[in-house]
Amino acid sequence: IAEIDADLAQLKTELKKITEDAKNTRAAADKATLQRNSERAEVVTSIVRYKDAQRLLKAAAAALQRVYKASKGGSALLQDGAPPNKVQYERSDMGAGVIGILEIAIQDFFQLQG
């Protein structure tokens, strides 16, 4: 009987330890889940921002392309019925550089969202 009592005491000790380990594991899993959910929310927010940035940069690049393309012909920067001393922008290679930078930024944001 003494041997059975010793085995029972050992089993109770092991059960207590296993129960505590399971509780700690559950707490760690809950903490990790909260962390993952927080990180996921940040990622979703970032992706939305990247998409917005791409949209805005595409619009800016398109507007600049219209400006620089029109400066070749000279009509897009003028309002209808404008007086003859109208202001026109000079075409320059800088426009192509700026548009190129915007296109690189668009590609960078696209890669960040993927």
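Visitor: Arg-55, buried or exposed?

Guide: Arg-55 is exposed, at a relative accessible area of 53%. Exposed means over 50%, buried under 20%, and partly exposed in between, with a 1.4 Å probe and protein chains only.

Visitor: What kind of model is this?

Guide: This is a predicted model, where local features need pLDDT of at least 70 and side-chain atom pairs count only at pLDDT 80 or more, while totals for chains, interfaces and linings use all residues. Residues are numbered from 1 along each chain as its sequence is written, and side-chain values use heavy atoms, leaving out hydrogens and water.

Visitor: Back to Arg-55. Which residue does it form a salt bridge with?

Guide: Asp-52, with the closest N and O atoms 4.0 Å apart. A salt bridge here is a side-chain nitrogen of Lys or Arg within 4 Å of a carboxyl oxygen of Asp or Glu. Asp-52 is partly exposed, at 34% relative accessibility.

Visitor: Where do Arg-55 and Asp-52 sit?

Guide: In helix α1, three residues apart, so about one helical turn separates them. Helices are DSSP runs of H or I with at least four residues, numbered from the N terminus.

Visitor: How many salt bridges does the structure hold?

Guide: Two. One of them joins the side chains of Asp-21 and Lys-17, at 3.2 Å from N to O. Asp-21 and Lys-17 are four residues apart in helix α1, which covers residues 2–73, so they too are separated by about one helical turn.

Visitor: And is Lys-17 buried or exposed?

Guide: Lys-17 is exposed, at 53% relative accessibility. Asp-21 is partly exposed, at 36%.

Visitor: New topic. How many aromatic pairs?

Guide: One, counting rings of Phe, Tyr and Trp (its six-membered ring) with centres within 6.5 Å. The rings of Tyr-50 and Phe-109 have centres 5.8 Å apart and planes at 40 degrees, so the pair is tilted; under 30 degrees would be stacked and over 60 edge-to-face. The pair links distant parts of the chain, 59 residues apart, with Tyr-50 in helix α1 and Phe-109 in helix α2 (residues 93–113).

Visitor: What are the relative accessible areas of Tyr-50 and Phe-109?

Guide: Tyr-50 has 21% and Phe-109 has 24%. Tyr-50 is partly exposed, and so is Phe-109.

Visitor: Last one. What is Gln-54 in contact with, leaving aside neighbours within four places in sequence?

Guide: Ile-106, Phe-109, Phe-110 and Gln-113, where contact means heavy atoms within 4.5 Å. Gln-54 lies in helix α1 and is buried, at 7% relative accessibility. The side chains of Gln-54 and Gln-113 make a polar contact at 2.5 Å. That term means N or O atoms within 3.5 Å, one able to donate a hydrogen and the other to accept it within protein, and residues adjacent in sequence count only if both atoms are side-chain atoms.

How values were computed
Helices (H or I, at least four residues) and strands (E, at least two) are DSSP runs, numbered from the N terminus.
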